[in-house]
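Here is a short briefing to read alongside the model.

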Amino acid sequence: MRILAIETSCDDTSLAIVSCKDDMFIVEKNLVSSQIDTHALYGGVVPEIAARMHAEQIAPLLYALEIPQDGSTVDAIAVTAGPGLVPSLRVGVACATTLAVAWQKSLIAINHLEGHLYSCWLAEKPPLFPCVALLVSGGHTELIFMKDHGNYEYLGRTRDDAAGEAFDKVAKLLGLGYPGGPLISKKALEGKKDAIDFPRPMKNAISFDFSFSGLKTAVAYHVKDHPDDRPEDICASFQDAVVDILVSKTLKAVEKYQPASVLLSGGVSANISLRETLKKILSDRFPHVHYHTPPITYTTDNAAMIGVAAFFHLQKNDFADPLTLAADPNLPLSSL
Ligand code: KG4
Ligand code: ZN
């Protein structure tokens with residue numbers, strides 16, 4: 001079984017071919033055309049430009065996959081149907097539905113968040129259920145209890161900015177550029193994480209929700225009041241506050257829900273400090289809990305994770321109709 005997967009929910013055009021053998025996923029190809037250099041000029045993603053660039057890139061990437069013209073080497077087509085930017089999503093959905101009709105293949109609609117969760121199935125061993133999943137990206141910060149494939153319960157989410165958005169906004173106010181996560185984490189390597197005691201909003205709240213806008217504002221005031229502080233120290237201290245909040249909440253969820261595994265995914269899971277801190281604290285405090293996070297390549301948006309998620313929909317015969325499938329910018333992560 002071989003799936004062609006398409007992801008265009010934000011500013012990465014990505015196409016992948018994923019197959020499955022003996023319960024292991026093989027990413028045969030995963031092509032990503034990033035638009036970062038273009039959006040960086042504007043300090044963030046411009047939806048109309050993103051959609052236009054997806055439309056320009058999607059056909060060349062499809063050709064680069066070298067699928068025969070009749071589609072005979074793929075068995076099904078998977079596409080991100082939401083959530084995301086609707087003009088961007090539409091490009092992927094139009095491509096996938098057209099190919100499904102032309103090649104007479106099954107179509108599988110995937111929720112982008114589900115794709116990020118399933119990127120953890122691209123790590124070495126498949127996770128054991130139940131899982132507590134921390135999903136941290138540019139648009140989302142969610143704690144999810146995953147009891148089985150396709151079975152999700154929200155534990156908490158951000159009440160304002162997403163974790164990645166906080167990285168992006170702080171990088172912008174420090175004049176570092178876009179996207180902020182990689183730039184801040186690089187600068188943080190040269191800084192002292194205990195230089196500034198930034199607040200940790202909602203860290204000790206009973207709820208599993210998050211809030212990052214107060215932290216971002218605290219950084220903005222600090223920069224204004226201390227113009228001579230080293231940006232490296234600001235980056236390290238800010239990153240430490242974000243990691244501390246994310247790790248504390250995840251540990252609280254582990255204590256309460258006693259999962260077999262913890263999953264960490266989404267663009268912010270590329271952050272080495274987050275990956276390592278969570279790994280260390282889990283192995284110290286919950287040594288029996290397995291920890292899964294995708295290889296760095298599959299942390300930010302990619303079609304391979306969409307292909308992996310599609311296999312589990314396929315097993316449940318959960319197919320979409322190519323004549324009616326529409327992009328949904330607010331598509332909820334619902335249990336199958
Ligand atoms: O998952 P993703 O590619 O797109 C969304 O679904 O949003 O995540 C992009 C986000 C951006 O906000 C970016 O700044 C953040 O992931 N990010 C990072 C790192 N690499 C990417 N955040 C912190 N540290 C990183 N190393
Ligand atoms: Zn994403």
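For the class counts below, Ala, Val, Leu, Ile, Met, Phe, Trp, Tyr, Cys and Pro count as nonpolar, Asp, Glu, Lys and Arg as charged, and the others, Gly among them, as polar. Please keep in mind that this is a predicted model. With that settled, the shell around ligand 1 has 12 polar, five nonpolar and two charged residues.

**Where ligand 1 sits**

- Ligand 1 takes up the space of the largest pocket.
- Both domain 1 (2-117 + 298-335) and domain 2 (126-293) give residues to the shell, so ligand 1 lies between them.
- Three helices each supply at least two residues of the shell: helix 4 (112-118), helix 5 (163-173) and helix 6 (180-188).
- Helix 6 gives the most, with four residues.

**Who touches ligand 1**

- There are 19 residues around ligand 1, and those that come nearest are Gly-138, Asp-168, Gly-181, Gly-267 and Asp-301.
- Gly-267 also has a backbone N or O atom 3.0 Å from an oxygen atom of ligand 1.
- Gly-164 places a backbone N or O atom 3.2 Å from an oxygen atom of the ligand.
- From Ser-185, a polar side-chain atom lies 3.5 Å from a nitrogen atom of ligand 1.
- How much of ligand 1 does the protein bury? Taken alone the ligand exposes 560 Å², and the protein buries 89% of that.

**Backbone spots worth a look**

- As background for this group, most peptide bonds are trans, and most residues other than glycine have a negative phi.
- Gly-82 and Pro-83 are joined by a cis peptide bond, with omega about -10°.
- Look for Pro-83 in the loop between strand 4 (76-82) and helix 3 (86-103).
- A cis peptide bond also runs from Phe-129 to Pro-130, where omega is near -5°.
- Pro-130 belongs to the loop between helix 4 and strand 6 (131-136); helix 4 is also one of the helices that supply residues to the shell around ligand 1.
- You will find Asp-22 in the loop between strand 2 (12-21) and strand 3 (24-34).

How values were computed:
Residues are numbered from 1 along each chain as its sequence is written. Chains are lettered from A and ligands numbered from 1 in the order in which they are written. This is a predicted model: local features need pLDDT of at least 70, side-chain atom pairs count only at pLDDT 80 or more; totals for chains, interfaces and linings use all residues. Side-chain values use heavy atoms; hydrogens and water are left out. A residue is near a molecule or strand if one of its heavy atoms lies within 4 Å of it. A polar contact is a pair of N or O atoms within 3.5 Å; within protein, one must be able to donate a hydrogen and the other to accept it, and residues adjacent in sequence count only if both atoms are side-chain atoms. Accessible areas come from the Shrake-Rupley method with a 1.4 Å probe; for residues, only the protein chains shown count as cover. On a 1 Å grid over the protein atoms alone, a cavity is a set of points where a 1.4 Å probe fits but cannot get out, and a pocket is an open set with protein on both sides within 12 Å along at least five of seven lines; lining residues have an atom within 4 Å of a point. A molecule sits in a cavity or pocket if more than half of its atoms lie within 2 Å of its grid points. Domain bounds come from an automatic or database domain assignment.
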